[in-house]
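This report describes selected local features of the structure shown below.

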Amino acid sequence: MTGYVLRRLLMTIPTLLLVSLAVFVLVRLIPGDPVSLMFGDGGTPEQIARGRAALGLDQPVFVQFWRWLTRIAVGDFGNTITDGQAVLPLILERFQVSASVVLVSVAMAAVVGVTIGIIAAWKQDSKLDVGIVGLTTVILSIPTFWLGLLLLLLFGLKLGWLPVIGYVPISEEPWKAMLFLLLPVATLTLHESGVVTRMARASDIEVLRLEYITHARAKGLSEARVLARHVLPNAFAPTWTLIGLILGNLLGGIAVLETVFTLPGLGRLLADGVFARDYPVVQGCLLFTALLYVIVNLVVDLFYPLFDPRVSAE
Amino acid sequence: MKRRINFLIGFPIVAVLGTMALTALFWTPYSPTGTRIRSRLQPPNSTHWLGTDEFGRDVLSRIMDGALVSFRVALATMIFAIIVGSLIGVVTGYLRGWTDRLIMMVNDAMLAFPGILLALAIMVILGPGQSSIVIALGLAYTPSVVRIVRGQVLSLREKEYIEASRMIGNSEVYTMLRHILPNCIAPIAVLGTSMFGWAVLSESALSFLGLGVPPPAATWGNMLASARG
């Protein structure tokens, strides 16, 4: 067990290095010089040269990468070009918004998806199962931003139950914040439970065909016990991986949904950074989401042995 | 039973969309980009079946033309990702060793970015335009193709007929192209079809964010974005 944890931890180090290298290269590939951009049209050549020296842009690329890496390591992500704010606190602030939406949605989607998935698998090929599969197909085919817009149209404009635009931090007015977060969470939950249901159903069906399930039934266990004790634990691993992937993908990647619901989240920060050509923000957001993805996957992997002791035995 | 239901529901939808996109190649009721200020923001009526937008452009024509743009972008993205991904996948899986380890490390690092963010970042480098979207989305999807093809190649290269091909003196490149690649088609085809769907959605998501196909060209994403106001 300790060996597994250590091995898994060590494996993340090269990944982290490569991810940061990828971000560094991506941002350096963007055409245009960040310093001339900072000065706009008003910079003299001397000012620009001084700015470049201050940012270390006159150094060789390897030196630049090393300096950047060491600063990242102590949490210095630089300052925004537009208003000189420190990037990391900005990212963390925006991340709270994205994280609250994503964590709640994925948790609910996991519970709903796993439950519906096992019911569909249990009643495989019945009308109920066909209905569930059909419904998930429909849900998966609908882009979240369109679904979100429709929900906004219905609950926000037609019925007037929920606010259409704006956001209040949970720390300030919890109840009002809930109203703003209700629709984005509902949209995301609906979509992701479709994804989880499919995966859970498929792996449940595979396990249901195995001989030990027949054996469990033959020895007289109730169906509920067969499902809960024998099917679910053995079929959960792929679903768990999928939930991890979804989580890693969504934590930084709900820019579109945040645009629909005007939430000041991480994805929106990145998209705005792209529009404003604010490279430190773009760089910081990319790096942060990629790190997040690696960490989420690490945590998911570390949880594996709890469901399946065979994983750590190797 | 379930197959048939899926087909009965799915085929008409695909057929209608496909016909719409293909028709838009030759003909749309009105010009999808032609503005007519006097007939702006009309509700659906007999002359404009789906109404007009804020510049008086016919919405039906724009939807048809947008379907064409989406199809074109998605198809090109799929082809791009599959060609680049399979080539890298076959080479890395076949050669093994350090090449394989190095390429897969970079590949896994690329997989750590949510696809849409990676595409966003690449769009910044390339600037707006349809070909940039294809490259951005294509590059964002390439790592998953590489992973799947490589996995397939790893098991293929141990097969007897591959050994036989090398033994009769075929070059490594010939063996890769003639014997390994064709046998990877099945997983590539499966991945390709679902990738087409993702590409349509991602293109509309990018356009919705304002970083996809630049206006006045119509895509479903930027139409939704401008309708949202």
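In this predicted model, B:Cys184 has a relative accessible area of 0% and is therefore buried, as the value lies under 20%. A:Cys285 also counts as buried, at 1% relative accessibility. A disulfide is a covalent bond between the sulfur atoms of two cysteines. Over all chains, the count of disulfides comes to zero, with sulfur atoms required to lie within 2.5 Å.

A:Cys285 also takes part in the packing of two helices of chain A, on the side of helix 13. Helix 12 (residues 266–276) and helix 13 (residues 279–307) of chain A pack at an angle of about 145 degrees, and their axes are 8 Å apart. The crossing of helix 12 of chain A with helix 13 of chain A is left-handed. Helix 12 of chain A contributes A:Leu266, A:Leu269, A:Leu270, A:Gly273 and A:Val274 to the contact, while helix 13 of chain A supplies A:Val281, A:Val282, A:Cys285, A:Phe288 and A:Thr289. By class, the residues of this contact comprise eight nonpolar, two polar and no charged.

A:Ser98 belongs to helix 5 (residues 87–122) of chain A. Its side chain reaches the backbone nitrogen of A:Leu266 at 2.8 Å. Is A:Ser98 buried or exposed? With a relative accessible area of 1%, A:Ser98 is buried, because this value is under 20%.

A:Thr239 is buried, with a relative accessible area of 1%. Residues up to four places away in sequence aside, A:Thr239 touches A:Val114, A:Val196, A:Met199, A:Ala200 and A:Ser203.

B:Pro214 is placed in the loop between helix 8 (185–209) and helix 9 (220–228) of chain B. B:Pro214 and B:Pro128 are 86 residues apart in sequence, and their C-alpha atoms are 6.5 Å apart in space. B:Pro214 touches B:Pro128 and B:Gly129, not counting residues up to four places away in sequence. At 32% relative accessibility, B:Pro214 counts as partly exposed.

Two other loop residues have a positive phi without being glycine. A:Asp125, with phi near 70 degrees, sits in the loop between helix 5 and helix 6 (127–141) of chain A. B:Arg96, with a phi of about 55 degrees, lies in the loop between helix 2 (59–95) and helix 3 (97–111) of chain B.

The accessibility of several of these residues is set out below.

| Residue | Relative accessibility | Class |
|---|---|---|
| A:Asp125 | 52% | exposed |
| B:Arg96 | 35% | partly exposed |
| B:Pro214 | 32% | partly exposed |
| A:Thr239 | 1% | buried |

Finally, the report turns to chain A as a whole. Chain A has 14 helices and zero strands. The C-alpha trace of chain A spans about 85 × 55 × 35 Å along its principal axes. Of the 314 residues in chain A, 47% are buried. Among contacts in chain A between residues at least 6 apart in sequence, 72% join residues at least 24 apart.

Technical notes: Residues are numbered from 1 along each chain as its sequence is written. Chains are lettered from A and ligands numbered from 1 in the order in which they are written. This is a predicted model: local features need pLDDT of at least 70, side-chain atom pairs count only at pLDDT 80 or more; totals for chains, interfaces and linings use all residues. Side-chain values use heavy atoms; hydrogens and water are left out. Helices (H or I, at least four residues) and strands (E, at least two) are DSSP runs, numbered from the N terminus. Buried means under 20% relative accessible area, exposed over 50%, partly exposed in between (1.4 Å probe, protein chains only). A polar contact is a pair of N or O atoms within 3.5 Å; within protein, one must be able to donate a hydrogen and the other to accept it, and residues adjacent in sequence count only if both atoms are side-chain atoms. Axes are lines fitted to C-alpha atoms, for helices over the stretch in contact, and angles run from 0 to 180 degrees between N-to-C directions. A crossing is left-handed if the near helix is turned anticlockwise from the far one by less than a right angle, and right-handed if clockwise. Contact means heavy atoms within 4.5 Å. Ala, Val, Leu, Ile, Met, Phe, Trp, Tyr, Cys and Pro count as nonpolar, Asp, Glu, Lys and Arg as charged, and the others, Gly among them, as polar.
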